[in-house]
Every structure is written in C-alpha cells, then in structure tokens.
Amino acid sequence: MLVVTCPICNASGDETDFHYGGQAHVRRPATADPLNITDEEQRDYLFIRHNPKGLHFERWRCDRGCGKWFHAARDTVTMEFKATYGITELPPVELMKEAKGPWADYFKMRMKEKA
Amino acid sequence: MSTKPYRLAEGGSRIDRSRKVTFSFDGKDISGFAGDTLASAVLASGQKLFGRSFKYHRPRGLVGLGSEEMNALIGVGVGSRHEPNLRATQIEIFDGLAAESQNRWPSLKYDIGAINSKFSRFLPAGFYYKTFMWPKSFWKHVYEPFIRKAAGLGKAPEGRDPDMYEHMHVHADVIIIGGGLAGLTAAEAAASTGVKVLLCDENPVLGGIADLTAGMIDGECVEAYTTAAAARLAAKSNVHILTRTTVVGHFHHNYLMAFERVGDHDPAILASGAPKHRLWKIRADKVVVATGALERPIAFANNDRPNIMLASAVRGLLDRYGVTPGSNGVVFTNNDDAYLTAFALKKAGVNVRIVDSRSRSDGTLVKRAIAAGIDVQLSSVISAVEGTVGVTAVKIAAYRKGQGRVITEKRVDCDFIAMSGGWNPALHIWCHNGGKIQFDDRLQSFRPKSHTDNIVAIGAANGTMSVEATLAEAQTLAKKTKTFKVEEPSRGALESLWFAPATGKYNEGNKHFIDFQNDVTAADLELAQREGYESVEHTKRYTTFGMATDQGKTSNLNGLGVISEATGKTIPEIGVTTFRPPYTPYSFGSIAGSLTNDLFLPIRRTPIFEWHMEHGAVFEPVGQWRRSYTYPQASEDKHQAINREILCVRNKVGLLDASTLGKIEIKGPDAAEFLDRIYTNTFSTLKVGKCRYGLMMNELGFLTDDGVTVRLAEDHFIMHTTSGGADRIGAWLEEWLQTEWTQYKVFVTPVTEQWAQFAVAGPRARDVLSKLSPDFDISNEAFPHMSFRQGLIGGYPVRVYRISFSGELSYEVATPANFGQGLWNAIMEAGDEFGLSAYGTEALHVLRAEKGYIVVGDESDGTVTPIDVGLEGMVSKKKPDFIGKRSLEQSFLKGPNRKQLVGLFTADPTEVLPDGAYAVAQAKDKPPMEMIGQVTSTYMSPTLGRSIAMALIENGRARMGEVISFPLEGGKVMKATITDTVFYDKEGGRIHG
Amino acid sequence: MDNKMGVELQFESALAHRTASDNLSIAMREISERGMIDLRGLASDKKFMSAVKSVLGFDLPKAPRTSASWGDMKALWLSSDQWLILCTRSKTTALLAELTAALGKIHSLAVDVSDMRAILRLEGEGTRETLMKGSTLDLISDDYKPGTVRRMRFAEIAALLHVVEENVIDIYVFRSYAEYTWAFLTKAARKGAEVRLFRK
C-alpha cells in the first residue's frame, strides 16, 4: 500500500484515497488535429504504453481528497515517488535526464519542441 | 511419583500457583495454574501427545515455546466459536476453555490415518502429482474427497461467528517489532528523542527470551533489565505498547499489519464488548525489526517423536511454568546455547546428559558443564530414537563431519530430548517487502543484508547473538548512547549439523523430519534433487517444504542444509525460498473486521427507502443502491405485480422512485462546447429550458453512458446519467477538463443526492400533478415533451422535466432529498383517484423495452457502438471532434458483420427467450454451432399480450423477417422472427399526450 | 416546515428515525438544521474572491484543508476551486440568491446541496480513535487541529471530515450512505471497544 502525496492539497494518504490514471504524457491526437489521424497514431494513443523497470511517469488523481489530477514520477522497483508535478507540466529536468528507454526518447522530443 | 509428575514442586515465573484454572482438552478436564499456556498445562498433566501429523498421521508433541510451534496445533472453542490451528504454546488458559487436538480420527490415541505411515513408501514427495493422475474422472469423485478428509489441519467452525472484530489504524514515527532485549532497548532509545514509538510483541509479557538468556547487565540479570525497561516504556506518553500482537506482514512504504488477540485469553474481556481480535494497519516512518531468532531442530532419525523439543522450549517450560517433559533427558546440540538447558534441568533435579556433535568448544558453558559433572559426549550424535508416542531411549553414535551412516551405536534410556541445531534470525518481516539477506558462516544461517525501505534489523534478528552487542546495536536510534556493564559467558563456535547419520542413508528406513508440519523428510528433499527439482522454489512446491503456517520458521535452514549436502552446492548458492506474509496465521474474523452483516457492503438508500420497505418492495441492487424491483401486493407473485404495474402506467398512471439517476451541474462559458465534445450528438444547439437525450462513447468508440441533459441557462446545464454511471461520469468529466481541455472555463458539480426524483408516468400523469396545484402552467402547450420547468408542486420546490422512458406522458419531478418522502406521499395521495400506483425497476424495464429504448449495460456490453444499437443518427457528422469519434471511424466498427440491435418475436408468443440466449446460424444436435448473436433484453409484455425481446444479431437490420434459432440447454431450440425494436406505439403519439 | 403556499411540508433528514444507542463511548447525533452551498470558482480570480467576500463577510480560505468562519457561517476548503459554505438551513435559499447575484457573470458555480449530505456530529474523548477504526489518516496528529477539513475515504465510502473542536468532529457523508455510516460508528464506538493511542 503506497503513500501518495497530492501536490495540490499537500495531503498524504494511502493509495486507496487516490486513483491511478495510467501512464503520463499520453497525447490525444484528436485534440490537436481531429481530421488527420492515422490508424497507427490512434493505436499508439489508445494502447501503447511503456512498462519500465525503474523510473516511470504516471497520472494520479487525489480521488478522495481535492479531486485534482497530477503527475508523479515513481520508481517501479523501490516504489519511491521521486516527484509529483502539475498535470499539464513536464517532470523536473533532472528526472527527464534520468529517464531511460522510450521515456528518454519522449522527453528529448518534448525538450526539442520547447526549444 | 505424585499425580502431577511433570509439574515441579517449585519454580515457574509466569504461573500463579494460588490460582487453579480448569479447562478441557479432548473432553477431559485438566487443571493448570493462572499464567499457564495450554502447552505447559497439558504437559504438566502428563500428556505428551498433542496432535497427529499432516500426511502420515504420526503422533506429535510439543516442539517449541512460542509462535514457532508447528506440531501442537489445537482447535479452541466449540460450535460457532471454534477456532482451529492455534499453537498450544500461545494459548493462555482460563476456566472453561475447551480445546481439542486435530487431524485425528476417531481419537488422538487411536488414529486410523496412521496407517498412512505404514504405507509411507507409497507417499513420497510429490505423491499427489504422481499417484492421483489417472483416470481423470477419479480425481473429482474419489481421490480429492479422500485426500481432503485424510489430510488437512483443523476443522472450520460451524455457523456464524458471534464475536466482534475490528480494524484499527495507527501511525508512528518508529515501529519496533519485538519486545525482547533488543526491542525494548531500541524503544527506549527512540522514545528518548521524543518521537512516537509503537512497540508490538506477540507475547502477553514483554522481554522476549531475556529470562532464558545468560548474563548480567549492570549487575542484574537480563530479565531484571527488560522488566524495568518495559515498565519505564509503559509510563511514556509517546510510546504505545501492543502485547499479544503479532506483526504479520510488512508491505510497501512501511505499511504493516498486526494481529492483536484482544479477548482470546479472557472471556470477561469479550463480554465487556471488546472485539475478539483487532487487525492493526500501521504506517511507520521507520521500522525496527527486533524479532529475535528461532532455534532450529536437528534432523535425526525419528526426530518428530513426542517429547523431542527445542532446547529453548525445555528451558522455557522449566523456568516459566515449573514443568519438565520428563525425568531423564538428553540435550542434543551443535552449539553452546543448549548447555543452558542442561543447567536448568540439573537445577530442577532432572537427570540430563549432553550429546554434542562438535569435537570441541572453548565456550565457558561447556567447561562449566563438564566441571559440574554433567555427562558431555562430544563428537556424538543421536542416531536413533525408541518409542512411538514418546521417547523411551536413544542410540548415541560417534560422529565426524561428513559421515554418511552409523555403524556402531550405544543405547541409553531417556524420556525426552532437548535439541538445538543453532539459531536462525527471524527474517520474515525483513524479507516480506524485498529485504536482501546474506549467509553468515558463524551462525550457519542467513541474516539481513540490505533493504530499500527505511528499516533496520537489530539484535538476534540481525544475527547479533550476544547481550553486549545487542545493547549497542539497539541504541542506534538514540541521540546519546548509553553504556552498560555486561557480563556474559564466552561462546564456542557452532558447527553445522544438517543431517545426523543413522544406520540407514537418507532414503533408507528412519525418517529425518525437516518440515514437521508438512511431513517433509530429508529423504523427500534428497529425492526431489534426484528427480531434477534443482531450483529451491521448485523443491519447495514439489515437497511442500516451508509451506503453510511454518513458512520456513523451523524448517528452512535444515532443508537447505540437506539440499546442500545432496547437491554439493553451498547454501548461498542454493538460495532461500520466499518468505511470505503472514508471519503467523491470523483469523478471517480480523480480516473482515467490522465489515460484516449490515456493514458487509455499503448499501445506498434513496430518500424513499423506508416507504419501499413498508410497502413490501422486492429490492434489486443497482451498483450499491437498492432499488425497488416491484411491489407485490397481498396475493400477487412477482410477475403478477410487475404486469399490474406496467398496465397501470400504460392505462392510468404510475410513480417511480428514480432518485438514483446521476445528476451533474455543468456551468461556464464553454459548457456547451464541452458537452459537444462529451456527447456523440450536439448540445450547443439546445434551447434554454429544453431537454435532449445524449449518447456518450469512450475513446474506443463504444457506448459508455446515456441520459437526458437539460439547458438551465445559456451557460448552465444539468446532465442526467445512468444510476450506475453517476460517479464514473462525474469523475470522467473532471478528468477531461483537468487533463485535456484545460482551456475550457467549465465547472462540474455532481449533485445526484441533492435530489429525490420521481417519474410520474401514464395518461393521467398531468391530472395527478394538476391536483397538486403547480405554480406554473403544465398544459401540453405550455409545457411540451422534452422541456423543463421549476416551481412548486404541492408546495414543494421542484424541478420538473417532461421526459419519458416509458413512451407515456411522463414527468420527472425532482425535489430536495429531505422533501422527497413528503412529495412522494403528496403525489400518492393526489393520484389515488386516478388509480396511481408505485412501480418498480422491472416494470420500468419492460415499459422501455416495449418502446425499443436501450439500456446501456443491457443492450451494450463495452464492445457495442451507437451504430450497432441503431442510433447512428445520434452520432454527429458535423462536429470535428468528440470522444470516440476517431475510433468509430475504423472500418471494422462499420462492417456489415457487426452485431446489430433488432427486435424478436418468438414463434410461441407465450414463451420468453432466456436472457443472454445465443442465436446460431444453424441449430444442430450438439456444439459446435456458429453463433450469430445473443439476446440482450427479454420480457413478457402485458401490453402486447406476448413475449418480446431485443438481441444483437450479426447484420441483423438486413435480416428483418428472418426466423433464427436459439438452442437452449437440454436440447430445446426456440425460434424467433427478427423484427423492429419498437414494439408499441410506433408513431410515438402517446408521449405527447 | 411551512412554505409560501401555507402548506405544511414534510421534512425528513436521512437519519430522522435514528437515536443513538446508549451503549456508546462517545456522543453521536445527526445535524440536520444546517444548510450547505457548494461553491466553485477560481481562488486566483480576484473578482470571484471579493464577490464572495462581499456576501459572506469573510475571505474564503485559500490554504488547503482549512476552514474560515464568521457568525453562523463557515466556509470549508474542498479544493483549489471548491468550497462548502455552511449556514443555517432556513437561510440557504437567500444566501444562494445573494451569492448568485453578486457573482453575476464571474465564472463560478454555486449550488444548494443542503440535502446531498448527512452530517454526523461525534463528540467526546475517544472520537478521533473511533474514527481511526475506519480511516487511514493519522487523526490524532497535529495535522488535525480544530478547523481542519479533509475529504477522505471512511470505512468503504467517501466522507468529509471537519474538526470542530479538539473532541468534536463532524463527518459529512452522501445522504444515501447515512445509515451505513451510522451503523459503522455505532459498532466502532460501542463501550468496551475503546482504543486510546499514545495517551495515558
């Protein structure tokens, strides 16, 4: 039973007070351009997820508390929450650097977009 | 000899000889003293036999002193209060306690199952897998019932448990598991820094085995130190002590479960209202594992005979309860610690000799034993035991390490054996959440190595066996370390002894038990190696070694030692099996806690619940709600009641409690655009004061909810969802607003429970409401179908929606929940002259089915699109984006072979298709048959006077008029004609009446 | 309860039929005379905050899990954009109208939810520990000083906790769960089952 701390209301509680919302940073293609979405893009959006051993980025909701969604970086081996951050934000830079595999590629892409 | 030969004339630190306690064991009255355990009292009465073993039904006695006991598993209490599989060493006796032995039939002494022992060569490791393979049908009817009867532990209680149980949560800065020398010292150290300390110990008395430990701390015995420390801790307000409380598991983020036996030891506590057991759910910043160590048995021939005990257990019986297992004992050891037991026996006047497998030891205790004139035989082992329900003699043979079998042996009379194969740190809690361990040569056992959690192990649990080092280690939590003057005997080195040779080898004759509880012998483990079960995890499952409640407490290391000798691998190379929670079993009652009976499930009640109850409603669960299914009157059965209710709505007027419908207020400048994204159809075009039925898909393009949404103002809507979807859809709307369309200025507030909401449906609905003097015009012209008004009805503040799920003239009237019963009563009264009656959800479902209205969850199952159910017209072609749109465009969701919703008329109008019945392309005598769809809703329609059904059928809409087959169980085939889904009032005139 | 039309209205709160067992170690009763308004708006929107203040007479609390009060009115923080306004039940309609008028076109949503939840008042030594039989929160810690508000899971349902005084706590649950909550607390608070943590 994990302890989660909501970055919005700063309340800590058992994970059963929260709602796990799956992988973070999944982009909905239809929001950007509803008319030109390939089947592959839609497939990736709906079904393709990372499953890393180690650092992972997730969505959580303070379900029984303030009701707000947020992002969390969590180590799937030690279960440690490395950081929580806003639902529209990217993770702290040092964690983006620490990320491996598909996450590393993704954050590189986002950083390039930003720059 | 007196009548109680095993109770010594004096001694026993835990018992009060002035208070006699009488209890029954297997129906026989036995007396002990206050403070006795069942184990000490039964043994004091002269009975050595406590149970029969699991597989071979061998007679078994006590082995341990506390929670490590694996043989003496006892059933306590009678009837519904019976609790099986409790360890005799942990059961505190009280007047009237009723206990019984287990796994024997017809009696403990004469057990028919013991014949298994004679056939043991046919019951080797893995015998279930090998023997009961063939023929297949025998498993269910012959083998399994036999095995279930013959094997197994205690029996389940009969009837409902009358006792109370509960859960309790607690947070602590530090939790200390184990209140022995290490734990108490650590607790004082931590408490001195001002933090909150929770100290848990499974025993009734703190101190661990301090009373059985040699040494002096600041001039006092170890027990005097622990007793004083416990008293100091009890007085501190930042320390909470839980005794009789076993920490059974350690989980992520330092979450722990502890099992408190609140009332087991004293019926007066239970009678006062206390729970029998309490399950603690603990969260701690830091965990200190001070669980001590468990003594290991030695694998020698027939080492499972009653009266062969751990050396510490014998010492404990003497010191704590003044009980001796016999008058002539042998201490069999490979280490110095067991010599303390010999001293205790000698002091109590019991004959004792020591058999030590080592060739020498420099320890003080060994020297002292020899000096005291105790017969110490070094380089020796016990090679055989005589006696079956006890020990009558042993054979002692010379031994050198690595010796395979014994050639010569010497017979010595004795009536009990105290054995010690060394001590294993109790690693269970350390390992539950992934703690790493390492092999320690000095201990010949594993000890903690590393952990990713904030957890430490101290004292014997950490492999630290001396008093002085334990005191130092336990103070790592203190700001200022105390120093103690400690005197303790120096210890000689332990030498591992995994298998004491006998005249036969591993698999010849005598049984060397490794796992007593699961009847696993050294030969079984050796056989598993020969058969290729190389991984220790495979060996565990094949032989059942280390399973069940023992969880390797006494068996683990000896088993690894045997595997090591059989394979030539070292123990670290073999590795250990996984330690799983719980450390010791805890009761189902404690797991359920108070969530039983009326608290088993949270039941949601509408404001009209009491009325429904009083009017004989039959309820049905809808999520956690209980809704009225129907209201049978005096002579009616359910079907008659449902038919009456349906016809009442069709011909007169009915009243339905629809309070469970989801209601969500949605407001903001972007509310309309937001709804356009949520629904498949368009809401931005809806006029203020009007209602519109909407469909929702999930992102996969499948139906997820539906309902009527009303525009209260330009920027303000109220959405209705299904009863089951209310919470889910409310959260879903929030999710989209917070995570995807963050630019929208929209607020969403679920208000489901603010309103009691009723459908007043039927041709006379307007007459009923008119009678309640609404303060607004409810004429058909002023208040047409699909519109909304608010005002007063019968004086009650209401929101009225003219919407219909029955196809009749219908109003949904909502009033604040606390007025619900009042308005309901007022409508009932006003409706009386028009023949109004309440109707339930089943009538509602038939009424809507007659009209071909879908129910999300009946006509859809999470794989059904709006197109499938014939609502393509509700899927906007104009809106660029709404949830599920892109997925719905995939070709395979549009093809002709999708299952489509159709109506069905059975060939025989009096027959009703079973719900969920499969349609097949062609009915055959037996499967396989090609399935082409299934029934989604099916009813007898009193309105039409015949049965009706809806079904999802492949390409159904192109098959109108076709007759299809539904093969049923038992070979019957029902035929039905595909038809339109609207069975009644196809023109829809009634709704506008 | 009367209304404008002079008709006697039947008012029935969720636990109107219940009286507390006399075998409880704490006091427990339903509070049904309280009005509640769910208010949504952005704490960062100055116009919103001042419009609300102009009606309530005090600032909405901005710190998570706190409350503010003035006279017989209270505002409980529910989220960064949501508050529960408490007032005397008979004044709710008027207060809601005032709020709606003051908020005008300001992005907000105020809804009368007086009947949506049932309120149970628990009082006496041991109240916190009684609740900890159903709550995973550390209710005896300094995080739960008087004035604290927290939404939480209680037993198996959602609840809102408001620490009124040291030994007075109000539990708000959705109306349909009132009976369940009542039954749970009746069991948890029974005499003989008291638990005292870290207290002598």
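Two strands pair if DSSP finds at least two bridges between them. Strands (E, at least two residues) and helices (H or I, at least four) are DSSP runs, numbered from the N terminus.

This is a predicted model, in which local features need pLDDT of at least 70, side-chain atom pairs count only at pLDDT 80 or more, and totals for chains, interfaces and linings use all residues. Residues are numbered from 1 along each chain as its sequence is written, while chains are lettered from A and ligands numbered from 1 in the order in which they are written.

**Exercise 1.** Describe the open sheet of four strands in chain A.

*Solution.* Start with the order: the strands run β3-β4-β5-β6 with antiparallel pairing. Next, look for strands that pair on one side only: these edge strands are β3 (19-23) and β6 (81-86) of chain A. Then take the angle: neighbouring strands of this sheet are turned by 30 degrees against each other on average, direction ignored (axes are lines fitted to C-alpha atoms, and angles run from 0 to 180 degrees between N-to-C directions). Finally, zoom in on β4 (residues 55-61) and β5 (residues 69-75) of chain A, which pair over seven bridges. Here F57(A) stands opposite A73(A) in β5(A).

**Exercise 2.** Decide whether T481(B) is buried or exposed.

*Solution.* First find the residue: T481(B) is in the loop between α12 (467-473) and β29 (486-487) of chain B. Now recall the cut-offs: a residue is buried if 20 or more other C-beta atoms, placed from the backbone, lie within 10 Å of its own, exposed if 12 or fewer, and partly exposed in between. T481(B) counts as exposed because it has 10 C-beta neighbours inside 10 Å.

**Exercise 3.** Explore the side of chain B that touches chain C.

*Solution.* Begin with the contacts: 45 residues of chain B are in contact with 44 residues of chain C (C-beta atoms, placed from the backbone, within 7 Å). Then ask which element gives the largest share: β8(B), with six residues. Other elements giving two or more residues include α23 (820-831) of chain B.

**Exercise 4.** Work out how compact chain C is.

*Solution.* Count the elements first: chain C has four helices and ten strands. The radius of gyration of chain C is 18 Å, close to the 16 Å that the globule rule gives for 200 residues, so chain C is as compact as a globular protein of that length. That radius is taken over C-alpha atoms, and the rule is 2.2 Å times the number of residues to the power 0.38. To finish, note that buried residues make up 48% of the 200 residues in chain C.

Definitions and conventions: Two residues are in contact if their C-beta atoms, placed from the backbone, lie within 7 Å.
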